[in-house]
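Subject: Structure handover

Hi,

Here is the structure for your files. My notes follow below it.

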Amino acid sequence: MKAIEARGLRQRFGSRTVLGPLELSLDAGDSLAVLGENGSGKTTLLRLLATAARPSGGELRIFGLDASRERTELRRRIGYLGDVAGHYPALTALENLEFFCDLHGVERARAPRLLEQVGLAHVGRRRAGELSRGMGQRLGLARALLHAPELLVLDEPDAGLDDDGRELLTKLVEGKTLVFATHDRELAARLCRHSLDLSRRALEVFR
Amino acid sequence: MTSFLRVVGAVARKDLRTELRSREMLPALGQFVVLALLIAFFGFDVETGGLKIAPGVLWLTVTFAGLVAFGRTFAAERDQASLEPLLLTPASRSAIFAGKALAAALVLAACEAVLVPAMGVFFNTTVFSLELAGALVLATIGMAGLGCLFAALAAQTRARDLLLPVLALPLWIPFVVVGGRAVQVALGGGGEVNGALALLLDFDILFVVVASLAARFVLDD
């Protein structure tokens with residue numbers, strides 16, 4: 001089954017084309033690293049895949065569903081971590097996750113389990129605003145995984161992560177359908193089977 | 001329906017908990033309320049015309065406190081970049097909106113709880129009555145519905161602080177006019193208060209329904 005199918009996918013801001021036209025196809029269970037220089041459109045592509053924005057042109061289907069029209073259904077199946085994690089600084093790490101459990105309609109018991117998984121169980125009662133950048137990124141990963149999504153879309157999830165954090169990231173995304181943007185080619189090769197370099201508009205296979 | 005109420009409750013609880021911990025608005029709004037009354041006390045002849053101007057002072061203060069309380073509902077989400085994760089959940093837009101409007105309405109109600117007794121002190125009279133409380137509650141509900149809708153719209157622009165009053169104030173006029181009448185009657189100005197309260201309830205139903213429906217489109221990109 002195809003997880004992602006894009007045909008002539010384009011995004012414009014005013015008269016400026018910031019992405020595409022782009023052809024893309026990714027099977028379920030497969031993984032794609034999105035590479036490219038600053039401003040090459042990585043975040044724009046990931047926001048389109050996460051249904052955070054509507055494409056200006058072309059067609060984008062995720063799990064066979066139209067990404068512009070069937071967004072509510074897709075949001076149940078996609079886990080997204082943006083370039084800014086966007087936690088609630090006055091709430092604790094645990095409360096942040098419990099809040100998103102309520103919004104996704106999943107049981108709150110998942111929140112402490114995920115905190116454990118991302119290695120934040122010991123700071124669960126600490127306010128998100130007091131967490132380091134790396135911890136905030138781990139919390140963002142936990143939030144993206146909260147509803148057991150079928151597709152993970154991660155925008156530079158390695159930013160701010162230490163070596164342990166990168167190791168954890170590798171474990172967390174293993175075997176999942178994954179699209180992630182990074183500047184780290186080594187990590188991209190470790191996590192993904194395919195890469196898409198938006199600067200060169202080239203689709204490559206790592207191995 | 002259960003999931004709708006669950007989201008409303010979660011969003012309202014989150015906003016109130018955030019406010020209670022960060023104390024971003026409540027202390028400032030409480031201070032604003034007292035200062036507004038102080039200015040009215042020195043600016044108007046409270047000794048002779050106190051009861052005549054009291055409804056005007058009350059609604060002016062509620063209106064401007066409302067602009068601040070409702071304006072922060074979505075602006076805070078924008079500032080901390082949490083609006084996108086919030087909207088990328090499958091939760092109903094109307095439920096998210098209702099939760100935020102409920103929390104903002106409770107913050108404004110807390111201000112009113114300071115305002116009414118403070119007015120009693122400044123105007124040297126017993127201001128509180130059930131009719132006054134009814135008028136305030138009903139007006140707060142309707143104003144919160146419209147105010148949060150426009151706050152969501154304004155939060156997407158750079159000139160949000162300017163845009164919110166421009167959009168909200170004209171549509172709040174019915175609440176101020178009818179609410180002012182209800183307060184005047186409640187303070188012993190003569191006449192019948194039930195009609196004004198019923199009209200406020202009608203406005204609430206109309207504006208809350210319209211705002212909830214419109215929120216689905218405003219909160220979409």
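In this predicted model, helix 1 (residues 2–22) of chain B packs against helix 5 (residues 93–122) of chain B at an angle of about 40°. Their axes lie 7 Å apart. Angles under 35 degrees would count as roughly parallel, and 65 to 115 as roughly perpendicular. Helix 1 of chain B and helix 5 of chain B are therefore oblique to each other. Their crossing is right-handed.

Which residues make the contact? From helix 1 of chain B come Phe4(B), Val7(B), Val8(B), Ala10(B), Val11(B), Ala12(B), Asp15(B), Leu16(B) and Glu19(B). Helix 5 of chain B brings Ala95(B), Ile96(B), Ala98(B), Gly99(B), Lys100(B), Leu102(B), Ala103(B), Leu106(B) and Val107(B). By type, the contact residues split into 14 nonpolar, 1 polar and 3 charged.

Next, helix 6 (residues 130–154) of chain B. Its 25 residues reach 35 Å from first C-alpha to last. That is close to the 36 Å expected at 1.5 Å a residue. Is helix 6 of chain B largely enclosed or exposed? Of its 25 residues, 20 are buried, so helix 6 of chain B is largely enclosed by the rest of the structure.

Last, the contact between the chains. Chain A gives 24 residues and chain B gives 19 residues. On the chain A side, helix 2 (71–77) and helix 3 (93–104) each supply at least two residues. Helix 3 of chain A has the largest share, 5 residues. The chain A side divides into 12 nonpolar, 7 polar and 5 charged residues.

Best wishes

Note on methods:
Residues numbered from 1 in each chain as written. Chains lettered and ligands numbered in written order. Predicted model: local features only at pLDDT ≥ 70, side-chain atom pairs only at ≥ 80, totals over all residues. Helix = DSSP H or I, 4+ residues; strand = E, 2+ residues; numbered from the N terminus. Expected span 1.5 Å × (residues − 1). Buried ≥ 20, exposed ≤ 12 C-beta atoms within 10 Å, placed from the backbone. Axes fitted to C-alpha atoms, helices over the stretch in contact; angles between N-to-C directions. Parallel < 35°, antiparallel > 145°, perpendicular 65-115°, else oblique. Left-handed = near helix turned anticlockwise from the far one by under 90°. Contact = placed C-beta atoms within 7 Å. Nonpolar A, V, L, I, M, F, W, Y, C, P; charged D, E, K, R; others polar.
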